[in-house]
Amino acid sequence: MKTVQEVLKGIRPEFDFTTSEDFIADGMLDSFDVITLISELDQNYGISIVGADILPENVRNLEAIEKLLHKYGIEP
Amino acid sequence: MNQVPSVAALYEQMARTRRAGPLVTNFYPVPAKLQRSIERGELFSTTAGDVLFVLRRDRDFLHLSFVAGTAEELAAALRELVPSVAETVTVDVLGPRERVAELAELFAPAGFRGHCELHRMTRTTRQEDTPPPPAPPDPEVVFASRDDGPALAAMLETALDRHGEQIPDEDEMTRAAADRKILIVRSGPAIAGLLFFEVTGQSSLLRHWLVAPTHRDQRIGARLMRRYFADCKDVRRFLLWVISENHNAIDRYRHYGYAQDGLIDQVLIRRPS
């Protein structure tokens, strides 16, 4: 199973996600990447994130993504 | 169909649609742009079942966005929506090719037909990449001023497809010029070429790159592009959308290091019968 950082790196290899507190504002993820990220998280962790949770604030940084995964019972 | 009163009201409608289940949508709102459309009275919304439709007026037609739980719900809601709209409507169906094909099929029974297809192209650089040697200064490539807004908008209006390419209007071009988002080369009182771009953190979207027909083959486009990359030296990801049949433009973008990244925008149109 990949770590969250590895999933992010797989989507956008050109960025260092450990240096940003807001992936959206820093231009590291756009709307389409958010959808891709959700799909990758679903596959990687065997979960199904619902539409209500597909929000920029839930993927804006590593901490937010980990919090989202906790909600689905995952300890990343 | 009701006029959208505020960004908050629209987000509330979206949240109701998103309450459960997966999401089928082409609506990726940017609050500042939504606010501007609302202030100008251009933004409308309506629901059919649990599906939210957002319509934005653009010149003499409407852009349709949707937020649905499933493809089936969207198809049913479209059948309900269409009889109530008497104007030309366009919709951008976005995603990887297979997904786009599936979604586009839902629109055919509601009278939508293919208009054009855009491909996203991306150019990436990594921090460890060696930067290119700095280009010599080119004093003829300058930022447009507010006063150039009308001429810039007219250039785009003449050259582009209003249904397929989301052409900015005079107001948007004037604001963009004031915000130093448009590089130009002048030729006397006229504008020979323009490059309109936006930067968000480490990403940049090339909105439009255009040389007037009377000034082509003079390397004006190349000079604009060189300055763009030089000004955006901290950008890691450059994006743009190009019409799939514009092979000339695609070849030029490839020359500058862009490559198609697999994201497609299928533009569908429904004209009133």
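Modeller: Contact means heavy atoms within 4.5 Å. The model before us is predicted. By that criterion, A:Asn58 touches A:Asp53, A:Ala64, A:Ile65 and A:Leu68, with residues up to four places away in sequence left out. A:Asn58 itself lies in the loop between α2 (31–45) and α3 of chain A.

Colleague: What makes the pair of A:Asn58 and A:Asp53 a polar contact?

Modeller: A polar atom of the A:Asn58 side chain lies 2.9 Å from the backbone oxygen of A:Asp53. The cut-off is 3.5 Å between N or O atoms, so the distance meets it.

Colleague: Why is the crossing of α1(A) and α3(A) given a hand, and which hand is it?

Modeller: The hand follows from the sense in which the near helix is turned from the far one, clockwise being right-handed; α1(A) passes α3(A) in a right-handed crossing. The axes of α1 (residues 4–11) and α3 (residues 62–71) of chain A come within 11 Å and cross at roughly 115°. A:Val4, A:Gln5 and A:Leu8 of α1(A) make the contact with A:Leu62, A:Ile65 and A:Leu69 of α3(A). By class, 5 of these residues are nonpolar, 1 is polar and none is charged.

Colleague: Why is the pair B:Arg237 and A:Asp33 called a salt bridge?

Modeller: The side chains meet with N and O 2.7 Å apart. The limit is 4 Å between a side-chain nitrogen of Lys or Arg and a carboxyl oxygen of Asp or Glu, so the pair qualifies. Between chain A and chain B the count is 4 salt bridges. On the side of chain A that touches chain B, 11 residues are nonpolar, 3 polar and 5 charged.

Colleague: How is the extent of that interface known, and what is the buried area?

Modeller: About 1,500 Å² is buried between chain A and chain B, and carbon and sulfur atoms give 58% of this area. In terms of residues, 19 of chain A are in contact with 20 of chain B.

Colleague: What do B:Lys33 and B:Glu198 tie together?

Modeller: Their closest N and O atoms are 3.7 Å apart, which is within 4 Å, so they form a salt bridge. B:Lys33 lies in helix α2 (residues 31–39) of chain B and B:Glu198 in strand β10 (residues 190–200) of chain B, so the pair joins parts 165 residues apart in sequence.

Methods: Residues numbered from 1 in each chain as written. Chains lettered and ligands numbered in written order. Predicted model: local features only at pLDDT ≥ 70, side-chain atom pairs only at ≥ 80, totals over all residues. Heavy atoms only, no water. Axes fitted to C-alpha atoms, helices over the stretch in contact; angles between N-to-C directions. Helix = DSSP H or I, 4+ residues; strand = E, 2+ residues; numbered from the N terminus. Nonpolar A, V, L, I, M, F, W, Y, C, P; charged D, E, K, R; others polar. Buried area = accessible area lost by both parts, 1.4 Å probe. Polar contact = N/O pair within 3.5 Å; in protein donor to acceptor, adjacent residues only side chain to side chain.
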